[in-house]
Every structure is written in structure tokens, then in C-alpha cells.
Amino acid sequence: MNKWKLFTAKEIRPAGWMLNQLEIQAKGLSGNLHKVWPDVRDSAWIGGEREGWERVPYWLDGFIPLAYLLEDEEMIAVAKKYIDAILSKQEEDGWICPCKKSQRAVYDTWALQLITKTLTVYYECSGDERIPEVIYRVLKNYYELLKNGEIKLFHWGKFRWFETFIALNFLKEKYDEEWLGELARILKEQGYDYNEAVELWKTPLRVWRYKTHIVNLAMMLKAEAVSCDLLGGEYTDTAEKFRKILDEFNGTVYESFTGDECLSGVSPVQGTELCAIVEQMYSYELLFAYTGDNRWAERLEVLAFNALPATLSEDMWAHQYDQLSNQIACEKFFMKTPFGTNGPSAHLFGLEPNYGCCTANFSQGFPKLALSAFMHGDNKIINALMLPCRLNYGGVEIELKTDYPFENKVQYAIKTDKPFDFIIRIPSFAENLKINGKNAETKDIELHIEKGETAIEIEFETPVCLKERPNSLYTLKKGSLLFSVPVSYKKKKREYTRRGVERKFPYCDYEYIPKSAWNYAFCGGDFSVNYNGVGEIPFSESKPPVTVKANMCKIYWGHRRYFKTMCAKIPKSTRSLSAPKKIELYPYGCAKLRMTELPLADK
């Protein structure tokens with residue numbers, strides 16, 4: 001049922017602001033983790049004594065496409081060094097994870113599912129012909145061990161069984177052997193059925209469960225899409241059914257769900273784990289590829305342009321574990337924690353606040369987004385995401401120039417030695433579409449491109465509006481961008497060593513201590529937009545590419561009970577305490593401290 005196929009890093013090259021963002025990432029934590037973090041630098045995956053489970057595969061899953069998209073020879077050599085070390089330890093029967101044979105039954109094979117996915121990514125980027133046979137041997141051994149009862153799915157592997165299908169579908173195209181379908185059925189039978197968890201999602205509790213774990217759920221959304229072909233079933237769009245329920249009872253303004261770590265209800269002062277953001281992005285990328293449903297691409301944009309940059313420092317040397325849409329401070333809590341099951345430092349920016357999974361896993365976000373700009377199938381190419389890049393595929397070259405989503409002008413320069421059909425996905429919120437200066441119906445653009453050179457310029461408007469949120473709160477929205485009241489802050493650097501892991505500038509931890517007012521409400525609907533241009537830092541805190549001025553006034557908002565560095569879930573009063581004045585709102589991704597969900601002031 002795969003409607004669209006993704007291009008590889010050999011066929012897509014980032015440009016413009018997307019290239020800048022990836023270069024920042026390569027100079028930051030993602031590109032240097034193997035130098036500074038023991039769990040990657042000294043991992044058991046490469047013969048060391050540190051963690052030998054999910055962290056190296058997680059990191060490589062983003063580091064590899066980042067290296068190849070940037071054509072960075074040094075990074076490519078590092079990726080090969082790690083892959084070579086992992087392959088050298090594959091055992092004769094195919095087992096590849098770093099544990100003794102006697103420990104296999106108690107080794108959570110989530111790591112095996114993940115490393116096969118990562119090896120698939122490596123093959124698509126590098127073309128290394130060793131990889132298909134390696135994955136074949138790993139999964140054939142996995143099948144035999146599961147079939148014979150020598151191992152079984154439990155813990156994370158049980159709740160992430162569908163992640164194996166990234167590699168299974170890859171093998172299906174190359175080998176198409178009967179055991180692949182049999183392994184698919186075993187995984188589904190032993191894996192968890194999330195239909196059984198729906199009622200738990202409606203009444204979130206401060207209890208840790210696999211069934212309500214936010215990252216499991218973010219991954220799960222793609223389960224039916226990636227598995228239905230091998231399992232032989234009809235696609236029923238369970239992703240949409242599950243998403244609606246999760247959104248109703250745990251939704252966020254940035255198209256994710258609260259989960260710190262498990263589902264936390266509808267609240268602007270509950271967090272969302274960074275791992276969940278990048279995994280949900282990946283699910284949406286694949287859901288669009290498999291179904292062609294524009295809703296997934298549009299939701300992906302909101303996550304990618306808001307939630308992902310908001311939880312990373314400008315230089316991408318630091319990240320949060322949990323982000324909040326109304327986040328007035330990032331200071332360590334004492335005695336109590338407001339998060340469901342996370343610790344008191346989960347919202348700080350740093351090397352590994354709360355837990356290191358996000359340290360390893362966040363790297364996949366922007367590179368896989370860049371790889372989703374164009375997709376193809378049946379002599380058709382679709383521009384799924386308007387990201388600046390260049391495509392070179394089978395005699396077709398497309399250069400896409402744009403500052404979208406900050407502005408709404410997109411230029412395509414096409415050179416081709418053969419005709420093809422070209423589709424441009426137009427967001428549902430677009431208005432007044434123009435193609436080469438002429439008015440057009442606002443819907444997806446479908447063109448037949450003839451041999452030779454073609455230039456296309458499209459332009460559209462995205463109106464500013466107030467999006468209604470629960471509890472009589474509202475968020476300012478323009479297209480895929482959310483806007484927040486930015487809260488200025490001072491940084492408090494924290495350098496220390498704990499459990500053998502050093503935090504030292506630039507990979508130390510930071511508290512963000514607020515310096516400006518945050519207790520605002522909207523008063524009136526007069527909005528003005530200012531375009532400032534995209535600089536070297538696309539999601540800049542000091543020079544945001546676009547801002548919106550809105551009439552606002554101060555109100556008595558108040559703090560959450562017991563927490564003087566966190567605002568209340570809803571304001572104590574919406575009565576105006578000041579005359580209206582123009583406040584400049586920043587894109588959500590540019591404001592690290594911010595107020596995003598706000599009330600309307602009483603008249």
C-alpha cells in the first residue's frame with residue numbers, strides 16, 4: 001500500500017535555511033556525541049564497557065543521514081567506523097547485539113529491532129552492499145529464536161514490535177521469502193495490541209506504564225501502515241482513530257501529546273518528551289508516504305517547525321527532556337516535581353536531563369525531515385514538504401528555493417530529460433494561491449512536466465488566527481507556525497560530573513531564569529506581521545525570521561500550587577490589570593521560555 005517512496009541522501013541535498021539547520025546540528029551535540037558522551041564513545045556495541053542497548057543505534061539513526069546529507073567526509077568515516085565495529089561482532093548464527101549467548105533470553109530485543117532499522121538507514125545512505133545480508137542474518141536468527149521459544153518479546157520490544165517492519169519491508173523487496181511473513185505474524189502475536197489501552201489514555205494517571213508511555217505511542221501511530229502488507233490485512237486507518245483519542249484527552253497545541261513520561265492530560269504545563277517529538281515526526285513521515293493523506297504531512301509541519309526547535313538550544317549543544325507550551329522558567333525543582341513520572345531536572349537544557357535516550361535519539365529529527373521533502377512513485381514526484389533543497393533523480397533535477405514556513409513564496413527550477421508528473425502539496429490553510437503570478441484554485445497542484453527546463457513560482461497567504469484550546473485558552477497561529485509571548489531570561493551554567501559523565505561547556509547543563517513579564521492575555525484581534533528574513537540561525541531567539549504583534553494586557557495569572565517557577569494551568573483571573581499594548585510574539589520554536597496558550601481578557 002506504499003503510495004510514495006522516500007528518496008535517499010544521495011538524491012536529496014538540503015539548501016537554504018534547512019542546510020543551515022543541519023550544519024548547526026553537525027557542529028553541536030549530534031555531530032560530537034561520540035567524542036564527549038561515554039555511552040556512545042565507549043559503548044559495548046564497539047567493544048567498550050558502557051551501554052550496549054539502544055543509545056548507539058538511536059544516535060546512528062540520525063547521525064548517519066546527517067553525515068550523508070551534508071556530504072561530510074569526516075562524519076561519514078565515523079559512521080563507517082561504528083558500523084564496521086558492529087558488523088565485526090555479528091555471531092555465526094546472525095545475532096548482532098552485544099550480549100553473551102546465555103543472556104539472550106533476558107536481553108530486551110528492542111535494541112535488535114532498532115539496530116536493523118538503523119542498518120537499513122545506513123544502506124540507503126551509503127549503498128554498502130554488506131548490509132542486506134547482515135540484516136537478513138539478524139532477522140532470520142530472530143525468527144528462529146522466537147519460533148523455537150528460545151526468546152520472546154517483553155518490555156520495550158513487546159511494545160515496539162512494529163519497529164522491526166522497517167527492516168522487514170526492506171528485506172521483502174530483496175528476498176521475498178516465506179519466513180519474513182511468518183516473523184511478521186510472530187511479532188504481531190507477541191507484541192502488544194494498543195486497542196486494549198485506549199481507556200487508559202482517557203484517564204491519565206501519575207503511574208508509569210508501557211501502555212501510556214509517550215514514546216511508545218508516538219512510534220505506534222505508524223504500526224498498521226508499515227505492517228499491513230506483510231501481515232496481509234486491509235488498511236483501516238487506526239492511526240487516525242488513535243490520534244483523535246490521544247488528542248482529545250492529552251493533546252498539545254503543537255500536534256503532539258503530553259507525556260512526561262506517560263500521558264499527562266490536557267494541560268499547557270505538562271511536558272512532552274523530546275524522543276516522542278522525533279518519533280512522532282518519523283511516524284507522520286511514513287504515514288504520509290504509505291497513505292498519501294495530506295493530514296499527516298500538515299501535522300508533521302507543526303511538529304517540525306515548532307516542537308522540535310523549541311526544545312533545542314540555538315547551537316544544538318543542549319536539549320530538554322520535557323518541553324511545556326507555557327514554560328516561564330527552566331529551573332530545577334526541589335522536594336516535589338510537577339511531571340508525571342520524571343525527575344526535577346527534566347525541563348532543563350543540557351547533555352542528558354532526566355535520562356539519556358533523548359540525547360541519543362533527537363538527532364534523527366531534522367535529517368529525516370529533510371529527506372521527506374520529495375517523494376516518488378509511478379513516474380510521479382511529489383513535493384510533500386516545502387523545504388529548500390535540490391533533488392537529482394533519474395535524469396530529473398529540481399531546485400526548490402524558499403523560506404517557507406516563515407514566508408510563503410516557493411520557486412522550482414526543473415531540468416529533466418524525460419516527462420513526468422509533478423505534484424505540489426498545498427497546505428489546507430493556504431489562501432489566495434498564485435501559480436506563476438496567476439490566481440489558482442487552492443488545492444494540490446498537479447502538473448505534467450515535459451522534457452527540458454521548467455520554472456514554477458507559487459505564492460499563497462496564511463492568515464493569522466487564534467486557535468481555540470481547552471480551558472478557554474487560545475494560541476496565535478499563522479500557517480504551520482505557532483506564536484508565543486517570549487520570556488527573556490538569564491542562563492545559569494551547571495558544570496559537574498555524575499556517574500562518570502562529565503558536563504562541561506559547551507555540553508553542560510543550563511537553567512533558564514526569567515527576567516520579563518509573562519502574565520498576559522489577548523485583548524482584541526488586531527494583528528500585524530513583520531518579516532525579518534531568515535538568518536544563519538533559522539530559529540533564532542534574538543532575530544526571529546517572522547513575528548506577529550498583538551494587542552495584549554496583563555492579568556493575574558498565578559503560579560501552580562507548590563511551584564513558584566511554573567504558571568498555573570489556567571489563570572486565576574482574566575480581568576485586565578493594564579491598558580492594552582502591542583506585544584511582539586515570536587515563533588514558538590524561537591522562544592525557549594514562552595507563554596503560548598493564553599486567555600482572552602475580560603472586556
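The model is predicted, and a search of the whole structure finds 37 aromatic pairs in it. A pair of aromatic rings is described by the distance of the centres and the angle of the planes.

| Pair | Centre to centre | Angle between planes | Arrangement |
|---|---|---|---|
| Trp17 and Phe539 | 5.8 Å | 90 degrees | edge-to-face |
| Phe406 and Phe539 | 5.5 Å | 65 degrees | edge-to-face |

Trp17 belongs to helix H1 (residues 16-27), whereas Phe539 belongs to the loop between strand E22 (520-531) and strand E23 (546-554), so their pair ties together parts that are 522 residues apart in sequence. The pair of Phe406 and Phe539 also links distant parts of the chain, since Phe406 is found in the loop between strand E8 (396-402) and strand E9 (409-416), 133 residues apart from Phe539.

How exposed or buried are these rings to be called? A residue counts as buried under 20% relative accessible area, and because Phe539 has a relative accessibility of 4%, Phe539 is buried. Phe406 is likewise buried, with a relative accessible area of 2%, and Trp17 is buried too.

Elsewhere, ring pairs join Trp156, Phe159, Trp161, Phe162, Phe165, Tyr192, Tyr194, Trp208 and Tyr210 into a cluster.

Rings also meet charges in this model: the charged end of Lys368 sits over the ring of Tyr282, at 4.0 Å from the ring centre, while the charged end of Arg594 sits over the ring of Tyr588, at 4.3 Å from the ring centre.

Conventions:
Residues are numbered from 1 along each chain as its sequence is written. This is a predicted model: local features need pLDDT of at least 70, side-chain atom pairs count only at pLDDT 80 or more; totals for chains, interfaces and linings use all residues. Side-chain values use heavy atoms; hydrogens and water are left out. Rings of Phe, Tyr and Trp (its six-membered ring) pair if their centres lie within 6.5 Å; planes under 30 degrees apart count as stacked, over 60 as edge-to-face and the rest as tilted. Helices (H or I, at least four residues) and strands (E, at least two) are DSSP runs, numbered from the N terminus. Buried means under 20% relative accessible area, exposed over 50%, partly exposed in between (1.4 Å probe, protein chains only). A charge sits over a ring if NZ of Lys or CZ of Arg is within 6 Å of the ring centre and within 35 degrees of the ring normal.
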